[in-house]
Amino acid sequence: MNWPDISDAVLNFSNYGELLPLFRDTLLAGAILGVVGGLIGTFVMMRDLAFAVHGIAELSFAGAAFALLIGADVIFGSLVGSIFAALLLGVMGVRAREKNSVIGVIMPFGLGLGILFLSLYQGRSANKFGLLTGQIVSVDSTQLSVLAGTALVVVAGLALIWRPLTFASADPDIATARGVSVRTLSLAFMFLLGIAVALSIQVVGALLVLALLITPAAAALQVTAAPRMVVLLSVAFAMVSTVGGIMLALGGSIPISPYVTTLSFVIYLICRVAGSWRRRRGWSTRPAVGAAA
């Protein structure tokens with residue numbers, strides 16, 4: 001393949017005006033997932049759960065692959081796998097020394113199960129590939145309604161536990177001393193995280209889910225110390241990555257995930273440079289525990 005063929009596959013806007021209206025539901029789905037990823041990614045960073053997200057994604061992938069194999073709903077299978085893994089990690093959350101070991105065991109097990117189920121599946125290869133790289137272009141109005149309803153559950157759940165969860169994430173020992181049920185909050189958050197991971201896999205696939213749930217929040221933390229601004233910027237960065245990635249992908253013939261992950265990475269690099277520039281001038285971007293709580 002020569003360079004013109006590569007550039008034509010990556011970006012080709014010859015029929016862009018005709019394609020864009022046809023993918024309205026896809027763009028709305030991307031915006032919804034951007035909001036969910038930006039909100040929950042803030043707490044993922046605060047609670048140092050980046051590695052856990054990857055572990056949950058692997059079991060979510062296994063659940064989706066099994067559902068594909070038996071002809072069940074792939075989104076439901078993904079949700080079951082995600083929630084099971086998230087709750088398992090939530091139960092073991094108080095034993096931090098063991099948590100990384102458990103995640104390290106879950107990740108290859110989930111990935112191996114997923115590969116086994118996909119190898120047994122005799123249907124279209126595009127369905128297999130979509131679980132790894134995302135398949136949001138196939139979202140219709142019915143799936144969009146289900147996605148919006150599920151995302152609303154995550155956002156409403158976060159709103160209910162926002163203040164105590166922020167306190168427990170900033171300093172769990174002080175929160176426990178003040179009577180906050182840290183363990184219950186951990187289980188509730190992991191349940192919501194499991195749902196968010198399953199939803200995010202539709203955009204970037206099981207292998208690249210960190211770009212939606214980690215990178216936007218990590219970028220926001222580079223440029224501001226204000227807790228509210230971190231949340232707002234994280235949501236904004238996630239929405240730019242998802243919606244912008246989808247819009248760019250419509251002009252090419254490759255999956256959406258490389259566009260989403262590239263945009264997310266570029267935003268992070270820009271914020272990293274801006275944060276370094278701020279620190280050289282004595283402007284701290286590290287939120288104080290008291291301010292966060």
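This is a predicted model: local features need pLDDT of at least 70, side-chain atom pairs count only at pLDDT 80 or more; totals for chains, interfaces and linings use all residues.
A pair of aromatic rings is described by two quantities, the distance of the centres and the angle of the planes. In this structure, the count comes to 3 aromatic pairs. One of them joins Phe 43 and Trp 162. Their ring centres are 4.7 Å apart. Their planes meet at 80 degrees, and planes over 60 degrees apart count as edge-to-face, so the Phe 43 and Trp 162 pair is edge-to-face. Phe 43 belongs to helix 3 (residues 24-46), and Trp 162 belongs to helix 8 (residues 141-170). The pair therefore ties together parts that are 119 residues apart in sequence. Phe 43 has a relative accessible area of 1% and is buried. Trp 162, at 26%, is partly exposed.

A further pair is formed by Phe 66 and Phe 117. Here the ring centres lie 5.1 Å apart. The planes stand at 55 degrees, so this pair is tilted. Phe 66 is found in helix 4 (residues 50-70), whereas Phe 117 is found in helix 6 (residues 96-120). Parts that are 51 residues apart in sequence are therefore tied together by this pair. Phe 66 has a relative accessibility of 39% and counts as partly exposed. Phe 117 is buried, because its relative accessible area is 15% and the limit for buried is under 20%.

Aromatic residues also group into a cluster. Phe 43 and Trp 162 form one aromatic cluster together with Phe 189.

Notes: Residues are numbered from 1 along each chain as its sequence is written. Side-chain values use heavy atoms; hydrogens and water are left out. Rings of Phe, Tyr and Trp (its six-membered ring) pair if their centres lie within 6.5 Å; planes under 30 degrees apart count as stacked, over 60 as edge-to-face and the rest as tilted. Helices (H or I, at least four residues) and strands (E, at least two) are DSSP runs, numbered from the N terminus. Buried means under 20% relative accessible area, exposed over 50%, partly exposed in between (1.4 Å probe, protein chains only).
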